[in-house]
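I opened the model and kept notes as I went. Contacts come before the overall picture.

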Amino acid sequence: MQSLPPSRRLGASGFGKAANIAIPVAIAALAAGAAYAGADTTFTPALTKFTDFLEGSGGKIITVLSLAGGLIGLASGRFSLSQVAVPVGVGIGVGTGVPIVTSVVTAVI
């Protein structure tokens with residue numbers, strides 16, 4: 001019986017591996033030059049509207065829906081800590097996360 005030669009290792013060549021790294025880095029470098037922090041106010045009205053929504057009634061709605069999902073899970077007979085922790089995390093995230101993220105994004109660097 002003849003034995004087959006050992007197969008070559010599958011994978012990209014050295015050039016292919018370098019191209020897989022270099023192309024995304026080059027695209028990121030070209031795109032990074034177009035961003036200026038605080039110089040453009042195009043989306044300020046939309047950001048203000050969305051932030052007000054999340055900090056106000058929208059955040060409350062999201063938190064209540066998350067809590068309702070946890071309660072439905074509890075009523076179905078299966079209990080896990082995530083059914084309690086997720087609504088609490090969502091409430092904290094919506095209540096305090098939006099101002100934190102907004103202040104970080106709008107900070108002067």
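Which residues is Thr-51 in contact with, leaving aside its neighbours within four places in sequence? I looked up Val-98 and Thr-102 as its contacts, where contact means heavy atoms within 4.5 Å. Thr-51 lies in helix H2, residues 44–55. I take helices (H or I, at least four residues) and strands (E, at least two) as DSSP runs, numbered from the N terminus. Thr-51 is buried, with a relative accessible area of 12%. My cut-offs are these: buried is under 20% relative accessible area, exposed is over 50%, and partly exposed is in between, with a 1.4 Å probe and protein chains only.

Ground rules. This is a predicted model, so I use local features at pLDDT of at least 70 and side-chain atom pairs at pLDDT 80 or more, while totals for chains, interfaces and linings use all residues. Residues are numbered from 1 along each chain as its sequence is written, and side-chain values use heavy atoms, with hydrogens and water left out.

Confidence next. pLDDT is the predictor's confidence in each residue, from 0 to 100. The protein averages 74, and 72% of the residues score at least 70.

Fold. I count four helices and zero strands. The order from the N terminus is α-α-α-α. Of the 109 residues, 12% are buried.

Then Ser-66, in helix H3. Ser-66 is buried at a relative accessible area of 17%.

Surface. The protein exposes about 9000 Å², with carbon and sulfur atoms supplying 73% of it. Areas come from the Shrake-Rupley method with a 1.4 Å probe; for residues, only the protein chains shown count as cover.

Which residues make the nonpolar surface patch of about 770 Å²? I list Leu-67, Leu-71, Leu-74, Phe-79, Leu-81, Val-84, Val-88 and Ile-92. Helices H3 (57–75) and H4 (82–105) each supply at least two of the patch residues. Leu-81 sits in the loop between H3 and H4. Is Leu-81 buried or exposed? Leu-81 is exposed, because its relative accessible area is 62%.

Patch rule: residues have over 30% relative accessible area and no salt bridge, with like charges joined within 9 Å and nonpolar side chains (Val, Leu, Ile, Met, Phe, Trp, Tyr) within 5 Å. A salt bridge is a side-chain nitrogen of Lys or Arg within 4 Å of a carboxyl oxygen of Asp or Glu.
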